[in-house]
Amino acid sequence: MRELNADLRTRLGGWELPNPVVTAAGCAGAGRELAQFLDIASIGAVTTKSVMLEPHAGRPSPRMAETPSGMLSTTGMQGPGVDVFLQRDLPWLLSRGGRAIVSVAGTGMAEFGELARRVSAADGVSAIEVNLSSPDPSDPAGRRYVDDAAQAAAVVRTVRSHTRSGLPVLAKLAADVPDVVELAAACVEARADGLSMVNTVRGMAVDTRTLRPAVAGGMGGLSGPAIRPLAVGCVYRVHEALPDVPIIGMGGVRTGADVMEFMAAGASAVAVGTVNFSDPSACARVLREFTELLEARGLRRAADLVGAAHRTGVGA
């Protein structure tokens, strides 16, 4: 294989990544599941499955269902809790040379604050991603924090206040919200250093054999190629409104061309998610394809792609 010479480095604020390809939360554990298929250190970073304060068994099965061009899932934040993560999973990832973006999910402000305090005190954490799709326990309807810009901002403010200085805090946003630009601006005002977007989109599938919901609880989160145009549109709109705020774009990424699309829309890095379940070596392949595309177009620096669609006047 010929040597590729493109400069793949990209920046998320003050943090430099060796390349823009990262994993999406919930699609690679803490990297262990993918390690037999690729060198974890070769990609930009691993975003861990969302960590909660205490162990959670998650939802009963079925938790996943295939849909046209996507996957519906509802895991219920299954995990061993933050103590096991910090003692077992994070050291393993760091020992393999991986860079860790730790996703945190809480059931209230106090839990988010304690998670931020514990995670940010650990050596080797590169950034904290705040999963704002957690349900707000104070809301009788069980709405997500991300559904209300003020509540989302309150969570981000809490995490930031409990996180050591210099450690980036990224707010993870969803597409199915009243106004994604308003939401993004509120999180940045609350001192988010960057944004991850977008999370899964709420949806449902019915098993026509049983005439029952295909996943436990009825509703689930839709991911995969079906949501990519929504995700690219959200990244484009937020970058247009907040051009200095770094974004990790995600939603249905399968190829190097998808990475290029998200970066042109305004993302500085791009997360590979659902495709990992069917192709656990996808991150390495996507990075290779992206690098080859850069060189084929005569582009020497990946960072020059960021926001290219805005500079060329593309979009409404």
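Let's start with the annotation: an unreviewed UniProt entry lists K49, S50, N131, K172, V198, G224, G251, G252, G273 and T274 under "binding site", and such annotations may be inferred rather than shown by experiment. The model you are viewing is predicted, with local features needing pLDDT of at least 70 and side-chain atom pairs counting only at pLDDT 80 or more, while totals for chains, interfaces and linings use all residues. Residues are numbered from 1 along each chain as its sequence is written, and side-chain values use heavy atoms, leaving out hydrogens and water.

Take two of the listed glycines. G224 sits in the loop between β14 (219–223) and α5 (228–241); helices (H or I, at least four residues) and strands (E, at least two) are DSSP runs numbered from the N terminus. G224 counts as buried because its relative accessibility is 2%, where buried means under 20% relative accessible area, exposed over 50% and partly exposed in between (1.4 Å probe, protein chains only). Beyond residues up to four places away in sequence, G224 touches S69, G70, G251, G252 and T274, contact meaning heavy atoms within 4.5 Å. G273, in the loop between β16 (269–272) and α7 (275–278), is buried too, at 9%. Leaving aside neighbours within four places, G273 contacts A24 and C27.

Eight strands form an open sheet with parallel pairing, in the order β3-β16-β15-β10-β9-β8-β7-β4; two strands pair if DSSP finds at least two bridges between them. The edges are β3 (21–23) and β4 (46–47). Within this sheet, β7 (residues 100–104) and β8 (residues 125–131) share five bridges, and I101 stands opposite A127 in β8.
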